[in-house]
Amino acid sequence: MTTNSYTSEDDVEQHAIKLIANEGYVPYISADYISPSADLYKERGSDLHNVVLVERLYAALKKNNPGYDDEIYSEAVHQFEQLADSPDLMINNHFLHRLLIEGAKITRSVWGETRTITLYPINFINPRDNDFIVTNQYTVIDGEHNR
């Protein structure tokens, strides 16, 4: 009797996660293919609507851009949480990409002059100084949609 041998999507995903984890990313792996990682779920505030890991983002903004008030960092985090108000995923992805590359822009008045503070979430000069995670697929609930 011949048994069919095949590579499943899960096999490929697990192998990719292992390779990425070997590069220094923290792996958040689910107990099984259809459940979310317990650690990732906790960092998402146990809410499948959340996609931004707020505490990690806040810490990254503060580490990469030291010396500002907590209000500045919180406002930058808020920009990532809001993203573009569009049902078009491509527009949202473009907006997120711009925030990641160009930073979050915070405007303040300093002695009557408008100043723009740019906070970068990623350290491109020293990539190993960043806090990256890798995980398998997970569910995000957006309105009536399960993605």
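Which side chains meet in a salt bridge at 2.7 Å, N to O? The side chains of E75 and R108 do; point 4 returns to this pair.

1. Basis of the note. This is a predicted model, in which local features need pLDDT of at least 70, side-chain atom pairs count only at pLDDT 80 or more, and totals for chains, interfaces and linings use all residues. Residues are numbered from 1 along each chain as its sequence is written, and side-chain values use heavy atoms, with hydrogens and water left out.

2. The nonpolar core. The largest nonpolar core comprises 13 residues. A nonpolar core is here a set of buried Ala, Val, Leu, Ile, Met, Phe, Trp, Tyr and Cys residues joined through side-chain atoms within 4.5 Å; buried means under 20% relative accessible area, exposed over 50%, and partly exposed in between, with a 1.4 Å probe and protein chains only. The residues with the most contacts inside this core are L57, L61, A76 and L119. At least two core residues come from each of helix 3 (54-64), helix 4 (70-82), strand 2 (104-110) and strand 3 (113-119). Helix 4 makes the greatest contribution, 5 residues. Helices (H or I, at least four residues) and strands (E, at least two) are DSSP runs, numbered from the N terminus. In soluble globular proteins, nonpolar side chains tend to be buried together. When neighbours within four places in sequence are set aside, L57 is in contact with V52, V77, F80 and P121, where contact means heavy atoms within 4.5 Å.

3. The largest pocket. About 1800 Å³ of space lies in this pocket. The search uses a 1 Å grid over the protein atoms alone: a pocket is an open set of points where a 1.4 Å probe fits, with protein on both sides within 12 Å along at least five of seven lines, and lining residues have an atom within 4 Å of a point. Grid points are joined across faces, edges and corners, and the volume is the space filled by probe spheres set on the points. The lining has 48 residues, with V51, V52, L53, L96 and Y138 lying nearest the centre. By type, the lining divides into 23 nonpolar, 13 polar and 12 charged residues; Ala, Val, Leu, Ile, Met, Phe, Trp, Tyr, Cys and Pro count as nonpolar, Asp, Glu, Lys and Arg as charged, and the others, Gly among them, as polar. Helix 2 (38-43), helix 3, helix 4, helix 5 (89-102), strand 4 (133-135) and strand 5 (141-142) each supply at least two lining residues. The largest share, 8 residues, is from helix 3.

4. Salt bridges. There are 8 salt bridges in the structure, each defined as a side-chain nitrogen of Lys or Arg within 4 Å of a carboxyl oxygen of Asp or Glu. In the pair named at the outset, E75 belongs to helix 4 and R108 to strand 2, so the bridge ties together parts that are 33 residues apart in sequence. E75 is partly exposed at 29% relative accessibility, and R108 is partly exposed at 22%.

5. A longer link along the chain. D131 and R56 form a salt bridge whose closest N and O atoms are 2.4 Å apart. This pair links distant parts of the chain, 75 residues apart: D131 lies in the loop between strand 3 and strand 4, and R56 in helix 3. D131 is partly exposed, with 46% relative accessibility.

6. R115 pairs with E113 in a salt bridge, with 3.3 Å between the closest N and O atoms. Both are partly exposed, R115 at 39% and E113 at 47%.

7. Two loop residues. S37, in the loop between strand 1 (26-28) and helix 2, is buried at 2% relative accessible area. Not counting residues up to four places away in sequence, S37 touches Y28, I29, S30 and T135. L83 is found in the loop between helix 4 and helix 5 and is partly exposed at 24%.

8. A residue in helix 3. N64 lies in helix 3 and is partly exposed at 22% relative accessibility. Apart from neighbours within four places in sequence, N64 is in contact with Y120, P121, I122, N123 and N130.
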